[in-house]
Amino acid sequence: QVQLVESGGGLVQAGGSLRLSCAASGRTLSNYGVAWFRQAPGKEREFVGGITWIGGITDYADSVKGRVTISRDNAKNTMYLEMNSLKPEDTAVYYCKVVIRGSSRGVLADTNAVGYWGQGTQVTVSS
């Protein structure tokens, strides 16, 4: 079993920045990745970005490219989502996910891929 603890969400003005953290604990996995998804009220959950743990291959949704950076700290088993130039449309609940067999971009971005989800953290961007 894998447990995820998220932090860093909150209220920020448009144009500001936030860094979300996702700390993982539990059993060691192989050939996995970590990813961020978000869901706004009345909207479907969508992929934001992800990274393969081994190799560090990243992938980002077109809507956030250039404004988002994903990184990892192997010693802390923590993944980070840095968001810059935030817009009101970025307002959503952001979810961290450990993706089993997430060693490819296609699997990382698949909402229905097998994995473990965090509880979500609210990001609100005001205008």
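**Exercise 1. The lining of the largest pocket**

β3 gives the most to the lining of the largest pocket, with 5 residues. The model under study is a predicted one. Describe the volume of the largest pocket, the strands that supply its lining and the division of the lining residues into nonpolar, polar and charged.

*Solution.* 

Step 1. The volume comes to about 230 Å³.

Step 2. The lining consists of 16 residues. Those nearest the centre of the pocket are Ala24, Ser25, Arg27, Tyr32 and Asn77.

Step 3. At least two residues of the lining come from each of β3 (18–26), β4 and β8 (78–83).

Step 4. By residue class, the lining holds 10 nonpolar, 5 polar and 1 charged.

Step 5. Asn77, one of the residues nearest the pocket centre, lies in the loop between β7 (68–73) and β8. Asparagine 77 is not a glycine, yet its phi is positive, at about 50°. With a relative accessible area of 38%, asparagine 77 is partly exposed.

**Exercise 2. The surroundings of β4**

Determine which strands are joined to β4 by bridges, and state whether β4 is largely enclosed or open.

*Solution.* 

Step 1. β4 and β9 run antiparallel and are joined by 8 bridges. Within this pairing, valine 93 in β9 is the bridge partner of glutamine 39.

Step 2. β4 and β5 also run antiparallel, with 6 bridges between them. Here phenylalanine 47 in β5 stands opposite phenylalanine 37.

Step 3. Of the 8 residues of β4, 7 are buried, so the strand is largely enclosed by the rest of the structure.

Step 4. In general, side chains of a regular strand alternate between the two faces of the sheet.

**Exercise 3. The aromatic pairs**

*Solution.* 

Step 1. Tyrosine 32 is buried at 17% relative accessibility, and tryptophan 53 is buried at 12%.

Step 2. Tyrosine 95 is buried, at 15% relative accessibility, while tryptophan 117 is partly exposed, at 31%.

**Exercise 4. A ring cluster and a charge**

Which residues do ring pairs link into a cluster, and over which rings does the charged end of arginine 45 sit?

*Solution.* 

Step 1. The cluster linked by ring pairs comprises Phe37, Phe47, Tyr95 and Trp117.

Step 2. The charged end of arginine 45 sits over the ring of tyrosine 95, at 3.9 Å from its centre.

Step 3. The charged end of arginine 45 also sits over the ring of tryptophan 117, at 4.7 Å from its centre.

**Exercise 5. Residues of the loops**

Describe glycine 42 in the hairpin of β4 and β5, the position of lysine 43 and the position of serine 85.

*Solution.* 

Step 1. The hairpin of β4 and β5 has 6 residues between its strands, and glycine 42 adopts a positive phi near 80° there.

Step 2. Lysine 43 lies in the loop between β4 and β5. Is lysine 43 buried or exposed? Its relative accessibility is 57%, so lysine 43 counts as exposed.

Step 3. Lysine 43 and alanine 92 are 49 residues apart along the chain, and their C-alpha atoms are separated by 9.4 Å.

Step 4. Serine 85 lies in the loop between β8 and β9. Serine 85, a residue other than glycine, has a positive phi near 50°. At 43% relative accessibility, serine 85 is partly exposed.

How values were computed. Residues are numbered from 1 along each chain as its sequence is written. This is a predicted model: local features need pLDDT of at least 70, side-chain atom pairs count only at pLDDT 80 or more; totals for chains, interfaces and linings use all residues. Side-chain values use heavy atoms; hydrogens and water are left out. Buried means under 20% relative accessible area, exposed over 50%, partly exposed in between (1.4 Å probe, protein chains only). Rings of Phe, Tyr and Trp (its six-membered ring) pair if their centres lie within 6.5 Å; planes under 30 degrees apart count as stacked, over 60 as edge-to-face and the rest as tilted. A charge sits over a ring if NZ of Lys or CZ of Arg is within 6 Å of the ring centre and within 35 degrees of the ring normal. On a 1 Å grid over the protein atoms alone, a cavity is a set of points where a 1.4 Å probe fits but cannot get out, and a pocket is an open set with protein on both sides within 12 Å along at least five of seven lines; lining residues have an atom within 4 Å of a point. Grid points are joined across faces, edges and corners, and a volume is the space filled by probe spheres set on the points. Helices (H or I, at least four residues) and strands (E, at least two) are DSSP runs, numbered from the N terminus. Ala, Val, Leu, Ile, Met, Phe, Trp, Tyr, Cys and Pro count as nonpolar, Asp, Glu, Lys and Arg as charged, and the others, Gly among them, as polar. Two strands pair if DSSP finds at least two bridges between them.
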